[in-house]
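Please read this short walk through a structure with its sequence and 3D view at hand.

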Amino acid sequence: MRTSRVGLLPWMLSLGLCHCLLAWSSPPDLAPHSFGIIYHVSGVLSLPYAEVREPFEAWVDLAGGRSRIQYYHGQVVTYQFSHERPFGVGYKVTPETTAAGENVRRCFRVNGTKAHPIRVQSVLPNLEGFQVVGHEHLGGQKCSVLQNETHWGLRRNVYTLWLAGGPPGLRLPVRYAVRGFSRLLGSHYDKYQLDYSNFSQHYSPEDVFSLPDRVPCGGVPSPEVKHHMQVNPMWDFVAREEDRAHRLFEHFRHRHGRRYGDAAELEHRRRNFLHNLRFIDSHNRANRPFRLAPNHLTDRTPGELAALRGRLRSSRPNHGQPFPHEQLANVALPESLDWRLYGAVTPVKDQAVCGSCWSFATTGTLEGALFLKTGELVPLSQQMLIDCSWDVGNFGCDGGLEWQAFDWIQGHGGLASADSYGPYEGQNGVCHSNTSTAAIRIVGYVNVPPANPTALKLALLRHGPVAVNVDASPRSFAFYANGIYYEPQCGHKLEQLNHAVLLVGYGVLQGQAFWLLKNSWSPLWGNSGYMLLAMKDNDCGVTTAATYPILE
């Protein structure tokens with residue numbers, strides 16, 4: 001039987017079309033190590049919820065049991081050697097500033113255990129379980145899109161990988177993205193991606209896995225879970241297992257006695273902790289001049305952190321006296337000053353969940369001035385200012401201004417001590433100033449000229465600790481631990497200031513001038529409640545709005 005050529009043509013065309021479609025949609029090799037047993041790749045880790053874009057570079061030798069991953073162009077370098085017996089060894093080489101202010105390289109070693117062995121770390125996902133779901137262009141390249149999905153209780157994670165064509169038999173990784181959705185919260189709880197470049201299945205030189213010479217390696221001074229994260233942070237982003245930060249969250253809850261209302265709040269706080277911890281760790285890998293650390297605020301949202309910043313804007317007239325330039329013209333300034341050493345500063349306090357920073361800055365400068373006058377350090381009442389100074393434009397736990405507090409103190413016969421008025425409550429209360437006795441009276445206050453560090457130093461020297469205002473909105477401010485804080489994201493204009501602190505000194509460290517600030521977020525924040533803030537560029541606006549009182 002003969003078949004018409006015309007009849008064959010559509011069939012042949014459809015067969016050819018099907019063949020092309022199958023060729024286009026056929027998945028790449030999905031073996032666990034389909035990227036090769038040896039490779040080198042660069043990339044950027046993006047964590048939008050943590051406001052991080054972190055460059056990395058990796059060398060991986062699966063056959064030899066070795067991997068090296070470095071972050072921020074080699075600021076921090078990690079090594080994972082699974083071939084070292086019995087359970088592998090991890091190393092982290094990082095910059096460190098000594099107590100003497102010297103910058104050195106340190107090496108930390110972590111030995112694997114039977115429960116937590118050190119394995120070679122890939123920066124590319126294991127392709128087991130991935131399926132081709134489509135094709136699209138990304139970054140100017142035609143890509144196959146592969147996807148996988150996992151479920152952890154009420155959390156669902158979707159993993160997506162974009163692969164572009166390369167040399168024969170090789171697929172090039174372009175992007176790996178993870179989206180996590182919580183049915184309990186009804187929202188995404190996680191989102192990050194790795195963008196790859198310069199992938200190759202060879203590298204040089206061979207000594208890329210050699211540890212640096214003359215850098216001895218010691219143990220890591222941190223909990224077991226944390227030090228495994230420090231020597232291999234990439235694991236949490238490509239392992240497709242529950243993030244190790246969740247275990248650290250349990251340590252956090254235990255240390256700070258956290259008790260949450262229900263499962264939804266627990267999940268919400270866990271998510272906040274995860275993203276804040278990622279931000280902290282990424283910042284520290286960048287080797288900036290100051291360090292961050294988890295603290296009692298690590299489970300807070302950005303909105304909750306903002307509530308601690310209680311400086312208000314005001315259209316009320318400021319009755320501050322002019323700065324006495326002439327009287328201080330010939331005063332010689334010391335190179336450094338720290339009023340804590342003279343006993344003029346009370347212990348660091350905690351304003352709690354209340355935007356009352358302005359009341360602590362006000363009482364701090366008053367306490368110092370009273371000490372200089374009488375030689376006695378008397379803790380004064382923040383609660384009295386929170387309860388009573390509404391008529392001058394303050395709003396208790398919803399914010400206020402120091403100079404408005406001075407107006408109230410001057411107009412209402414003074415301010416009581418904390419013992420006389422009653423303890424700080426961290427919330428608005430009923431004013432009972434008529435039942436307490438004034439411990440201090442003032443006749444006015446002085447506005448230090450803005451953006452004038454010399455005038456601020458003179459005010460500090462002659463009148464004691466000074467109330468100042470800063471922009472504390474950068475995320476790094478909330479988790480500051482030590483070093484000289486310099487944050488280009490900080491504002492310095494009057495309208496950008498949002499938090500009141502107490503200036504208690506200044507100095508120079510390694511040739512860099514700094515202001516010494518006392519915060520009111522408890523001794524768990526910063527360096528036992530204090531911060532060294534760079535004088536450079538009026539960072540965070542510390543010289544923009546400073547005031548001090550004139551005692552009666």
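The model is predicted.

Most peptide bonds are trans, and most residues other than glycine have a negative phi. The bond that joins Arg-85 to Pro-86 is a cis peptide bond, its omega being near 5°. Pro-86 belongs to the loop that connects β4 (76-81) with β5 (89-97).

Asn-287 is not a glycine, yet its phi is positive, at about 60°. This residue is found between α5 (263-285) and β13 (290-292), in the loop there. Is Asn-287 buried, partly exposed or exposed? With a relative accessible area of 31%, Asn-287 is partly exposed, because that value falls between the cut-offs of 20% for buried and 50% for exposed. Gln-510, also not a glycine, has a positive phi of about 55°. Its loop runs between β20 (499-509) and β21 (512-518).

The helix to look at is α9, which spans residues 402-411. How many of the ten residues of α9 are buried? Eight are, so the rest of the structure largely encloses this helix. A residue counts as buried when its relative accessible area is under 20%. The buried residues of α9 begin with Glu-402, Trp-403, Gln-404 and Ala-405, and continue with Phe-406, Asp-407, Trp-408 and Ile-409. In an α-helix, residues three or four places apart point the same way, because there are 3.6 residues a turn. After α9 comes Gly-413, with a positive phi near 80°.

Methods
Residues numbered from 1 in each chain as written. Predicted model: local features only at pLDDT ≥ 70, side-chain atom pairs only at ≥ 80, totals over all residues. Heavy atoms only, no water. Helix = DSSP H or I, 4+ residues; strand = E, 2+ residues; numbered from the N terminus. Buried < 20%, exposed > 50% of the residue type's maximum accessible area, 1.4 Å probe, protein only.
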